[in-house]
Amino acid sequence: MNIQDTICAIATAQGGAIGILRVSGPDALTVTDRIFRPTGTNPRPLSEREPYTLTFGTIVDPVTSEPIDEVLVSLFRAPRSYTGEDATEISCHGSSYILQRVLQLLIRYGCRAAGPGEFTQRAFLHGKMDLSQAEAVADLIASTSAASHRLAMNQMRGGFSRELAALRDQLLHLTSLMELELDFSDHEELEFADRSELSALTRRIEEVIRRLVHSFRMGNAIKNGIPVAIIGATNAGKSTLLNALLNEDKAIVSDIHGTTRDVIEDTMVLNGILFRFIDTAGIRETSDRIEALGIERSFKALQQADIVLLMYDLERGETAFRSFYDEVAPYLQDKQVVLVMNKCDKAAAPSSLPSFLDASGCHWYPLAVSARERLHIDELQSLLLRLAAIPELSAADVIVTNLRHYEALSHALEAIRRVQNGLESGLPGDLVSQDLRECIYYLSDIVGEVTTDQVLSNIFSHFCIGK
């Protein structure tokens, strides 16, 4: 990527009434002026106009003088723009033909087509935001629930960065004290840093980093959805339950055993929380290779799920359910399992859990429903919200949602624990200082102070074009 290039891209999805093209770089105003003709009594070019204004006019092909569209052009000047560069945004009609014609004209007269995330990458390189804030832009675009939107907004506004900056300042203070002692190593009696105070400070820092690391499980669930596996024998009502939960006919429902051959996944938002429901193939003995492959995937989905909806067909009775349960019991360890006693409109549900269920390996929540008649589906949704245990989040909450951040914080946690052990065991200051510097390095990596070009390319390659 050459940051001296002037770049352009279509910034809006196709199909809307309005389309926007973005231009950014040293020649943004000059290139836009080549194809834009202001309308009215003030024909001054954009390069002579005040920034942060809108100008109405026409996009024209300079060679043929053909008018392409009537547009509004927004004008921004460096450094007070999204990218920190001179920039324009051209708002035209949403026709894909018009957008492509304008894009071609911009490229013909000096722009380069922007790569994925290149506008945000330039904002990072020009110091408009740190790397964690830049990554939050992608999370904000991809947010699908109120909770994921709230976390992305907090991170984009710098909540996570401020938390890391406070940790880093404390660590730098520790390091400066330790390294000051090294400068006077020929005076062994000098000790600039009280070891008991240092130990107390590292414990506080370790507690904050540990809290951030542990928040990743919740943050990942909020960002990507809480996985809920629907498991049961064939014809127990799994697909009917999925359709009832989603309130649409997502999965094929049939009296024929083995209808579902593969996992079917869909999402829904309940009270601002995203749930990923996974309807699996019915588990039974089969000689059908395709069905057997689907059953194998059912067990994988079961292992990955946070919550399991275990279907109990009340019409078939306890004996048939026990035979099925024995197959899946080893996969239920440490899971939250809702025993969905289906077809309660046709058979009575037992007043207590079947005695053969292993109460020690997982947490059971029995609920009688009729998936076909949609009885007690509201109660099931309320139970799912309770089991998800996602607290009400405020704008000030700092929750880790990014795998790269989680890995860096995990390394920082290991390093600060080595610092603690070194202080307790009386290790020389230079060895303790090395672990302190390593902790600082991983915290700095999150906000982009020490990040390599390879890491940057990997991050921004997942952005959409035009952002």
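**Salt bridges and a surface patch: a quick note**

1. Searching the whole structure turns up 21 salt bridges, a salt bridge being a side-chain nitrogen of Lys or Arg within 4 Å of a carboxyl oxygen of Asp or Glu. Bear in mind that this is a predicted model: local features need pLDDT of at least 70, side-chain atom pairs count only at pLDDT 80 or more, and totals for chains, interfaces and linings use all residues. Residues are numbered from 1 along each chain as its sequence is written, and side-chain values use heavy atoms, with hydrogens and water left out.

2. Take Arg211 and Glu163, whose side chains pair up at 2.6 Å, N to O. That joins distant parts of the chain, 48 residues apart: Arg211 sits in helix H7 (residues 195–214) and Glu163 in helix H6 (residues 159–183). Helices here are DSSP runs of H or I, at least four residues, and strands are runs of E, at least two, numbered from the N terminus.

3. Helix H6 also holds Arg168, whose partner Glu449 lies in the loop between helix H14 (429–447) and helix H15 (453–460), 281 residues apart. The closest N and O atoms of Arg168 and Glu449 are 3.1 Å apart.

4. Arg418, at 32%, counts as partly exposed.

5. There's a network too: salt bridges link Asp5, Glu85, Arg112, Glu118 and Arg122.

Definitions and conventions:
Buried means under 20% relative accessible area, exposed over 50%, partly exposed in between (1.4 Å probe, protein chains only).
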